[in-house]
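Dear colleague,

Please find below the sequence and structure for your review. My notes on what was found follow directly after.

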Amino acid sequence: MPEPLTFRFDDDGAIPNSPLPLLVYREAVPADAAAIERLFAANRWPPAWRDGVYPFHHFHSTAHEVLGVARGEVAVLFGGPGGEVLTVKAGDVVVVPAGVGHCNRGQSDDLLIVGAYPDNGPGPDLRRGVPAEHDAVIRAIRAVRTPAADPVTGVDGGLRALWV
């Protein structure tokens, strides 16, 4: 398994982002939702949903998130309005640290993503970058625990090596 690509985004005063890098695994999983769900579950990221990415800037302050692309492709703006658009397609996986903004900027008609959160936390909230909430979400993000395993590589490599 190749090392994931890493991306870092600065706090813009509304979207806090994270000191942890966003991880992108290219062609890491089969283009099959059930197979992705089995892999995530085996690595302690229980599958939570099948859908797409919201078309508005948002982030989670209480949980890290993984997006496994089972079908199609999507351009996602990560890091808030000043971030970077990354196109991910079937077989790709994105590990999104708590606080990192993401927003759908266009997708194929057949897009299907498997979303999951690590099994060692309270689950996700949904934040939209309200400046008045900034200090509270920073505190919440700092309290999010490091997952016990990477959703793709398990206990070896991936976020276990890069999020130290």
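**Findings: the two sheets**

Thr6 has Leu23, in E2, as its bridge partner. The elements named here, helices (H or I, at least four residues) and strands (E, at least two), are DSSP runs numbered from the N terminus. Please note that this is a predicted model, in which local features need pLDDT of at least 70 and side-chain atom pairs count only at pLDDT 80 or more, while totals for chains, interfaces and linings use all residues. Residues are numbered from 1 along each chain as its sequence is written, and side-chain values use heavy atoms, with hydrogens and water left out.

The pairing of E1 with E2 is antiparallel and extends over 4 bridges; two strands are taken to pair if DSSP finds at least two bridges between them. Both strands belong to an open sheet of 6 strands, in the order E1-E2-E7-E4-E9-E3, with antiparallel pairing. Strand E1 (5–9) and E3 stand at its edges with a single partner strand each, so one side of each has no neighbour in the sheet. From one strand to the next, the twist averages 20 degrees; axes for such angles are lines fitted to C-alpha atoms, for helices over the stretch in contact, and the angles run from 0 to 180 degrees between N-to-C directions.

A further open sheet has 3 strands in the order E6-E5-E8, and its pairing is antiparallel. Strand E6 (84–89) and strand E8 (102–107) are its edge strands, each pairing on one side only. Here the twist averages 30 degrees from one strand to the next. Strand E5 (residues 73–78) runs antiparallel to E6 and is joined to E6 by 6 bridges. Ala75 has Thr87 in E6 as its bridge partner, and Leu77 stands opposite Val85 in E6. E5 and E6 form a hairpin with 5 residues between them, and Gly79 in the turn has a positive phi of about 95 degrees.

**Nonpolar cores**

In soluble globular proteins, nonpolar side chains tend to be buried together. A nonpolar core is defined here as a set of buried Ala, Val, Leu, Ile, Met, Phe, Trp, Tyr and Cys residues joined through side-chain atoms within 4.5 Å. Buried means under 20% relative accessible area, exposed over 50%, and partly exposed in between (1.4 Å probe, protein chains only). The largest nonpolar core has 18 residues, of which Phe40, Trp45, Val66, Val93 and Val95 touch the most other members. Two or more residues of this core come from each of strand E2 (18–25), helix H1 (33–42), E4, strand E7 (93–96) and strand E9 (112–116). A second, separate core of 17 residues includes Leu86, Val94, Val96 and Val100.

Apart from neighbours within four places in sequence, Val95 is in contact (heavy atoms within 4.5 Å) with residues including Leu22, Tyr25, Trp45, Val66, Pro151 and Trp163.

Leu112 is found in strand E9 and is buried, with a relative accessible area of 15%. The C-alpha atoms of Leu112 and Ala33 are separated by 7.9 Å, although the two residues are 79 residues apart along the chain. Residues up to four places away in sequence not counted, Leu112 touches Ala33, Arg50, Asp51, Gly68, Val69, Ala70 and Arg71.

Gly52 is placed in the loop between strand E3 (47–51) and strand E4 (65–71). At 22% relative accessibility, Gly52 counts as partly exposed. Gly52 touches Leu111 and Ile113, residues up to four places away in sequence not being counted.

Asn17 lies in the loop between E1 and E2 and is buried, with a relative accessible area of 2%. Arg44 lies in the loop between H1 and E3 and counts as partly exposed at 41% relative accessibility.

**Aromatic rings**

How many aromatic pairs does a search of the whole structure find? The search finds 1. The ring centres of Tyr54 and Phe56 are 5.0 Å apart and the ring planes are at 15 degrees, so this pair is stacked. Rings of Phe, Tyr and Trp (its six-membered ring) pair if their centres lie within 6.5 Å; planes under 30 degrees apart count as stacked, over 60 as edge-to-face and the rest as tilted. Tyr54 counts as partly exposed, at 43% relative accessibility. Arg128 lies over the face of Phe56, at 3.8 Å from the ring centre; a charge sits over a ring if NZ of Lys or CZ of Arg is within 6 Å of the ring centre and within 35 degrees of the ring normal.

Yours sincerely
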